[in-house]
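User: I am new to this structure and would like a short tour of it. Could you begin with the terms that I shall need?

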Amino acid sequence: MSVVSLRNVSKSYPSSTKGGASVMAIDSVSLDVEAGDIYGIIGYSGAGKSTLVRLVNALERSTGGEIHINGRDIATLPERELRKIRLGIGMIFQQFNLLGSRTVAGNVAYPLEVAGFPKQDRATRVAELLSFVGLTDKAKSYPDQLSGGQKQRVGIARALATSPSILLADEATSALDPETTHEVLALLKRVNAELGITIIVITHEMDVIQTIATKVAVMDQGKVIERGPVFDVFSNPQHPASARFVSTVVKGVPSAPELEVLRERHTGRIVTLSFRDTAVDQSEVFGEFVRAGVPFQVIYGGVNEIQGRPFGHLTLALHADDELVDAALERVRQLTTVTEVR
Amino acid sequence: MDALTNLLPELWTATGETLYIVAATLFFGGIGGLIVGLGLYLTRGGSILDNKPIFVVLNVLVNVIRPIPFIIFLAAAQPLARAVTGSGIGNDAIIFTISLAASFAMARIVEQNLLTVTPGVIDAARSVGAGPVRIIFTVLLPEALGPLILGFTFIFVALVDMSAVAGFVGGGGLGNFALQYGYRQYEPVVTWAAVLLIIVLVQLVQFFGNYLARKALRR
């Protein structure tokens with residue numbers, strides 16, 4: 001059963017000018033997040049991804065559709081009921097949003113106070129959480145004495161305090177440097193693996209998706225334009241916007257201007273070969289060119305790995321007569337996808 | 001100088017009265033300011049208790065009452081003071097009127113200080129299931145405590161200023177003392193003695209307020 005299930009969810013804001021059309025921030029989005037997923041939602045700023053995640057714990061109310069959390073539709077629940085639902089959904093933020101007036105331990109204890117967790121057990125639970133995120137020695141520090149990465153770890157400890165089944169991460173690493181980003185992502189992976197918590201990750205960085213997500217949805221202008229297992233979307237993006245995101249981390253198919261340069265620099269025919277998974281042995285493909293007597297040169301491309309599965313694109317310049325090349329390509333097509341570039 | 005020496009007992013009594021009026025108005029005006037300020041903050045568009053009609057009413061009230069010069073407000077509010085305290089003159093009436101004026105002055109300061117609390121922190125509290133009342137007492141007020149203390153220190157000076165005007169409607173205090181024994185008796189030394197005491201008083205409170213705010217801000 002889906003832990004989070006969105007059915008035709010919409011969110012519109014009234015127009016800022018009188019009589020103007022209302023603004024659709026989320027436009028009829030359907031999405032299913034299964035237990036144990038790390039579900040990435042990626043999009044440019046303004047694509048609606050942050051709004052979407054805020055609908056999941058009803059920090060903002062949807063204006064249409066159904067939002068099921070563990071099977072219960074929360075779209076129409078009154079605020080008082082929602083507070084109970086929110087205890088089961090942790091959330092971390094780009095700006096961490098820690099209480100500056102409380103110590104690290106005080107911040108982590110906050111959800112426990114709200115939940116009415118027995119006072120005598122709070123300290124034990126806080127110690128447990130701080131040890132999980134590796135900040136035991138910072139319990140008495142105040143947030144302004146911590147680094148960004150430490151603040152986010154406090155944020156994670158706080159979000160986990162009431163043992164939620166779902167964790168929402170709203171651009172949780174966007175304010176961090178690359179190294180700290182990977183520390184925090186590794187921690188989120190542990191949260192998922194060791195505690196079995198389903199995580200929804202909002203980001204504009206494809207790197208984050210590549211590192212931790214199992215599934216991904218690409219958002220553009222309030223709509224989900226593509227979704228699927230991360231490997232599928234990365235190795236074979238269907239939508240131009242998805243392809244743009246993929247190209248930020250995967251060096252694969254040359255872009256139009258790059259192709260222009262390649263055409264100028266290299267003589268002969270140019271083709272792009274796409275490899276997915278271990279289904280195709282690259283050496284076999286290259287063997288075909290060799291056997292056909294077609295000298296080739298790799299002029300662009302890259303091989304990547306997502307969740308242990310390799311995929312990639314290689315662009316070759318083939319230096320031989322058209323006849324020989326056509327014959328070789330004929331056989332290579334049996335093995336893998338070939339795109340002729342020139 | 002002799003005039004001042006002879007008036008020393010009256011000077012101490014006046015100082016005591018000023019302290020009493022200021023303390024009482026700081027208390028009542030402070031509570032009033034917190035309530036009205038919180039009301040403004042909470043009902044503004046997009047806030048946790050977003051309520052346009054209430055916001056508009058509060059906003060207009062504050063904007064109308066705040067700019068009225070206090071000496072005029074004192075006269076205008078006299079019937080109300082009489083209705084509430086039973087008399088239009090004397091210390092009780094003046095405490096009521098100053099508290100009322102201070103509430104609206106303080107309301108803006110409270111509202112502005114609350115607006116400095118990052119909305120994200122309120123999101124974080126809401127995301128763990130906190131309701132509005134809990135958010136007010138465990139997030140908003142503690143997070144804005146430092147600036148709020150400085151705000152109260154600031155309003156303290158205004159309260160001393162207002163209390164000095166109290167002399168006009170039969171309230172006591174240093175203002176009344178300076179007018180009655182200094183200004184009207186042509187004894188500048190007496191006036192200056194009152195001024196000096198007020199300066200010392202304000203400095204002490206400012207120092208104390210800064211100290212508390214520093215502690216709250218941990219700086």
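Analyst: Two strands count as paired if DSSP finds at least two bridges between them. Strands (E, at least two residues) and helices (H or I, at least four) are DSSP runs, numbered from the N terminus. This is a predicted model, in which local features need pLDDT of at least 70 and side-chain atom pairs count only at pLDDT 80 or more, while totals for chains, interfaces and linings use all residues. Residues are numbered from 1 along each chain as its sequence is written, and chains are lettered from A and ligands numbered from 1 in the order in which they are written.

User: Which residue of β2(A) is the bridge partner of L6(A)?

Analyst: L6(A) has L31(A) as its bridge partner. Strand β1 (residues 2-13) of chain A is joined to β2(A) by eight bridges, and the two run antiparallel.

User: In what order do the four strands of the open sheet in chain A come?

Analyst: The order is β2-β1-β4-β5, with antiparallel pairing. β2 (23-34) and β5 (72-73) of chain A each have a single partner strand, so one side of each is left without a neighbour in the sheet.

User: What does helix α1 of chain A touch on the sheet?

Analyst: Helix α1 (residues 49-56) of chain A touches β1, β2 and β4 (64-69) of chain A. Contact requires C-beta atoms, placed from the backbone, within 7 Å.

User: Changing topic, which residues of chain A touch chain B, and how many are there?

Analyst: There are 19 residues of chain A in contact with 17 residues of chain B. Elements giving two or more residues to this side of chain A are α2 (79-86), β6 (89-93) and α3 (104-115) of chain A. Of these, α3(A) gives the most, with four residues.

User: And what does V108(A) contact beyond its neighbours within four places in sequence?

Analyst: V108(A) is in contact with V126(A), L129(A), L130(A), V154(A), A157(A), R158(A) and A161(A).

User: Where does UniProt place the "transmembrane region" annotation in chain B?

Analyst: The unreviewed UniProt entry gives residues 20-42, 54-77, 89-110, 144-169 and 189-213 of chain B. Such positions are in the numbering used here, feature names are shortened, and annotations may be inferred rather than shown by experiment.

User: What is the chain like over residues 20-42 and 189-213 of chain B?

Analyst: Residues 20-42 of chain B are 100% helix and 0% strand, with end C-alpha atoms 32 Å apart. Residues 189-213 of chain B are also 100% helix and 0% strand, and their end C-alpha atoms lie 36 Å apart.

Terms used:
Two residues are in contact if their C-beta atoms, placed from the backbone, lie within 7 Å. Axes are lines fitted to C-alpha atoms, for helices over the stretch in contact, and angles run from 0 to 180 degrees between N-to-C directions.
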